[in-house]
Amino acid sequence: MTEFSLSDLEKIVGERAHSGDPDSWTAKLFARGIDKAAQKLGEEAVETVIAAVKGDKQGLVSESADLIYHWLVVLGIAGIPLSDVLKELEGRTGRSGIAEKASRPQG
Ligand SMILES: N=c1c2ncn([C@@H]3O[C@H](COP(=O)(O)OP(=O)(O)OP(=O)(O)O)[C@@H](O)[C@H]3O)c2ncn1[C@@H]1O[C@H](COP(=O)(O)O)[C@@H](O)[C@H]1O
């Protein structure tokens, strides 16, 4: 089990965002703005869906990583900390409907 967390990645994204490093993809996305970053997020989402429906497990892992990275970039450009999303998720854990759904076998 890795110790690496989304919070670690959020920190890296924040550090690279305004690094001015011409080789930094993160810096490029921040410079190009929310439209380009959101477009990339959408593309990665589609690629994740394709890997899932194809049953491509390694592809699903790799595309999920791309998706989560681009999602954190979009959050960063929008000025929303990861902790806001985690708080939102935490707030949902008490909702009985959702808890029931999560415990039901999928089919
Ligand atoms: N996790 C990632 C990560 N995942 C994907 N990518 C980049 O996302 C880009 C987009 O992927 P695509 O396959 O769509 O690339 P592309 O076809 O070249 O892009 P376009 O032609 O569509 O513009 C690629 O350049 C990938 O390298 C990432 N870039 C950075 N990170 C993390 O961010 C850190 C800082 O990276 P830099 O900002 O590049 O220094 C890295 O150490 C990583 O931890």
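Analyst: Let's start with Ser24, which has a polar side-chain atom 2.5 Å from an oxygen atom of the ligand. That pair is a polar contact, meaning a pair of N or O atoms within 3.5 Å; within protein, one must be able to donate a hydrogen and the other to accept it, and residues adjacent in sequence count only if both atoms are side-chain atoms. Trp25 takes part through its backbone instead, with an N or O atom 2.8 Å from an oxygen atom of the ligand. Lys40 brings a polar side-chain atom to 2.5 Å from a ligand oxygen. On its own the ligand has 850 Å² of accessible area, and the protein covers 53% of that (Shrake-Rupley method with a 1.4 Å probe; for residues, only the protein chains shown count as cover).

Before going further, please keep in mind that this is a predicted model: local features need pLDDT of at least 70, side-chain atom pairs count only at pLDDT 80 or more, and totals for chains, interfaces and linings use all residues. Residues are numbered from 1 along each chain as its sequence is written, and side-chain values use heavy atoms, with hydrogens and water left out.

Now for the wider shell. There are 13 residues around the ligand, and those that come nearest are Arg16, Ser24, Trp25, Thr26 and Lys40 (a residue is near if one of its heavy atoms lies within 4 Å). By class, the shell holds six charged, four nonpolar and three polar residues. Here Ala, Val, Leu, Ile, Met, Phe, Trp, Tyr, Cys and Pro count as nonpolar, Asp, Glu, Lys and Arg as charged, and the others, Gly among them, as polar. At least two shell residues come from each of helix H1 (6-17), helix H2 (25-32), helix H3 (34-54) and helix H4 (57-78).

The chain has six helices and zero strands (DSSP runs numbered from the N terminus: helices are H or I, at least four residues; strands are E, at least two). Of its 107 residues, 23% are buried, where buried means under 20% relative accessible area, exposed over 50%, and partly exposed in between (1.4 Å probe, protein chains only).

Helix H1 shows both sides of this. Leu9, Val13 and Ala17 are buried in H1. Seen down the axis of H1, its buried residues fall within an arc of 75 degrees, so they line one face of the helix (the arc is that of the directions from the helix axis to the C-beta atoms). Lys11 and Glu15, on the other side of H1, are exposed.

Val73 lies in helix H4 and is buried, with a relative accessible area of 0%. In helix H3 you will find Glu44, which counts as buried at 6% relative accessibility. Glu44 and Asp66 are 22 residues apart in sequence, and their C-alpha atoms are 6.3 Å apart in space.
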